[in-house]
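Take a moment with the model below before reading on. We'll walk through it piece by piece, and you can follow along in the viewer.

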Amino acid sequence: MGNSRPKVVIVGGGFGGLFCARRLKNVDADVTLLDRAACHVFQPLLYQCATGTLSIGQISRSLRQELEHHHNVTTLLGEAVRLDPDARRVTARRPDETTFDLDYDYLVIAAGMRQSYFGKEEFATWAPGMKTLDDALSIRRRVFAAFEIAETLPPGPERDQWLTFVVTGGGPTGVELAGQIRELATRALANQFHSINPEDARVLLFDGGDRVLKSFAPALADRAQRTLEILGVEMHFGVHVTDVRRDGVTVSPKGGAPSEEYASRTVLWTAGVEAVPFARHVAEVLGAQTDRSGRISVDADLSVPGHSEVFVIGDLAGRDGLPGVAENAMQGGLHAAACIRRELSGAARKNYRYRDLGSAAYISRGNALLQAGPVKLAGLAGWLGWGFIHIAFLTGVRNRFSTVGTWLATITRANRSDRAFILGGSGHPEEPYTWESPVHQSYTARQQKSA
Ligand SMILES: Cc1cc2nc3c(=O)[nH]c(=O)nc-3n(C[C@H](O)[C@H](O)[C@H](O)COP(=O)(O)OP(=O)(O)OC[C@H]3O[C@@H](n4cnc5c(N)ncnc54)[C@H](O)[C@@H]3O)c2cc1C
């Protein structure tokens, strides 16, 4: 390590990276927290941002602000793109495509997972995933714009397409999104349109298994399924979405029965996850094993075999079926920091022991599931437990107060206050309005000519 202070580089400021950086406060080391978005996002509430309940400011916080009193911690905006394990150097890319290097004595990889389309990346054009703030805003734009577009169309198949929403994947995110869109249609939007009846909106949920929420006890998952049915979500099990187009999806039953087509202009993808590209590169250059989704195999102390100076934590850590949940990432972050602290003070590392504190899933207004050891709650009791947990781990005191206030307002009134969406300039082919289409360009050209 030489004579200067040891350098710790943390890649990713999600739950794992943030908790690691916090625990390294005042350690005699220079800590750099690198994140491609420069903010911590509370992913469990992304769907509430996507469906207009919460703002992006309520579910995220600038890492620079969050760590401003951690004087030995520097936060940097940049995407890690290369690792040189011999030189112990990470290369990061700035948004303008230029790069810079960070040297390390300890490296903590906490870059998380991204949405997986199982090799069909082209689906992403029409079916956004749900992992980032960009995803949440993209979904918000598509969902609210779909109702607006339907309002301008005469009754018929085209209007029906805009009022049909497809959600792939019956895990917590799929269930939360599907329930929220139906709730939006039947409450917040119900009386605000003149031509369409938003309550006619169909929400189709497709899953390859035989029920929703497979990680929950069957009795709780059954309760959730009944609630979704009452809300009007149409659930289809034992099927895979095998094609996604601008105007619909193809759904294939697992048993080999004929495929079916469903017309829809809004498809949302929550069906699978895979390691972010940098993690795949890391595994390659370190010669580390990965599982099918790209999680990196780690030793009992969460370091990469043969590279004790490199830790992999959170969703990316592949060991003993560690779950992809926030609690595992937070505990992993604290553990990696504790290992570094101990080693710097001459003590030996300890092995990582994950403590399962349970899981929760939101189903509908005042209705959630909470499962923690023998405790299994549903309905209002589940919702209160769910709310308490989410507020406890949301970053920033202001965010906590304002989120509780927004929830109370949402539960007592149908209103959703964060429905604004941005249309222009993204250049996505799925842009719901045609600002950049040839029609608009020729119109603009004519205007310019006649001026
Ligand atoms: C929609 C949704 C709902 C969820 N709900 C729940 C829930 O209710 N309960 C629960 O326990 N868990 C939930 N989870 C899972 C939980 O959010 C994850 O397990 C947790 O976020 C993992 O933390 P992490 O630190 O490993 O990764 P993340 O939190 O994903 O953080 C990764 C960070 O790395 C950054 N990054 C990625 N690549 C790079 C790079 N190359 N260079 C620099 N930075 C990079 C990203 O910007 C991000 O900030 C949910 C996840 C999602 C997506």
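Over residues 7-333, the chain is 29% helix and 30% strand, where helices (H or I, at least four residues) and strands (E, at least two) are DSSP runs, numbered from the N terminus. UniProt, in an unreviewed entry, gives residues 7-333 the feature "domain: FAD/NAD(P)-binding"; its positions are given in the numbering used here, feature names are shortened, and annotations may be inferred rather than shown by experiment.

A quick word on what you're looking at. This is a predicted model, in which local features need pLDDT of at least 70, side-chain atom pairs count only at pLDDT 80 or more, and totals for chains, interfaces and linings use all residues. Residues are numbered from 1 along each chain as its sequence is written.

Now for the domains. The domain assignment gives domain 1 (7-36 + 78-115 + 274-344) and domain 2 (121-271 + 360-412), with bounds that come from an automatic or database domain assignment. Taken over C-alpha atoms, the centres of domain 1 and domain 2 are separated by 32 Å.

Next comes the nonpolar core. Such a core is a set of buried Ala, Val, Leu, Ile, Met, Phe, Trp, Tyr and Cys residues joined through C-beta atoms within 7 Å. As for burial, a residue is buried if 20 or more other C-beta atoms lie within 10 Å of its own, exposed if 12 or fewer, and partly exposed in between, with C-beta atoms placed from the backbone. The largest nonpolar core has 123 residues, and I10, V108 and I109 touch the most other members. Domain 1 and domain 2 both give residues to this core, so it lies between them. Zoom in on I109: leaving aside its neighbours within four places in sequence, it is in contact with V11, A279, V282, V310, F311, V312 and L316. Contact means that the C-beta atoms of two residues, placed from the backbone, lie within 7 Å.

From there, hop over to G169, in the loop between β11 (164-168) and α7. G169 is buried, with 26 other C-beta atoms within 10 Å. Its contacts, leaving aside neighbours within four places in sequence, are G174, D207, T270 and A271. G256 sits 87 residues from G169 along the chain, and their C-alpha atoms are separated by 19 Å.

You'll find A29 in the loop between α1 and β2, and it is partly exposed, with 18 other C-beta atoms within 10 Å. Not counting residues up to four places away in sequence, A29 touches R5, P6, K7, V8, L24, N72 and L344. The C-alpha atoms of A29 and G169 are separated by 43 Å, and the two are 140 residues apart along the chain.

V41, in strand β3 (residues 39-41), is buried, with 23 other C-beta atoms within 10 Å. V41 and I59 are 18 residues apart along the chain, with 6.1 Å between their C-alpha atoms. Besides I59, V41 touches S60, T132 and L133, not counting residues up to four places away in sequence.

Finally, have a look at some backbone angles. Most residues other than glycine have a negative phi. L213, however, has a positive phi, near 50°. L213 is in the loop between β12 (202-207) and α8 (218-231) and counts as buried, with 26 C-beta neighbours inside 10 Å. K214 is in the loop between β12 and α8, but K214 counts as exposed, with 12 C-beta neighbours inside 10 Å. L302 has a positive phi too, near 75°; its place is the loop between β19 (296-297) and β20 (303-304).
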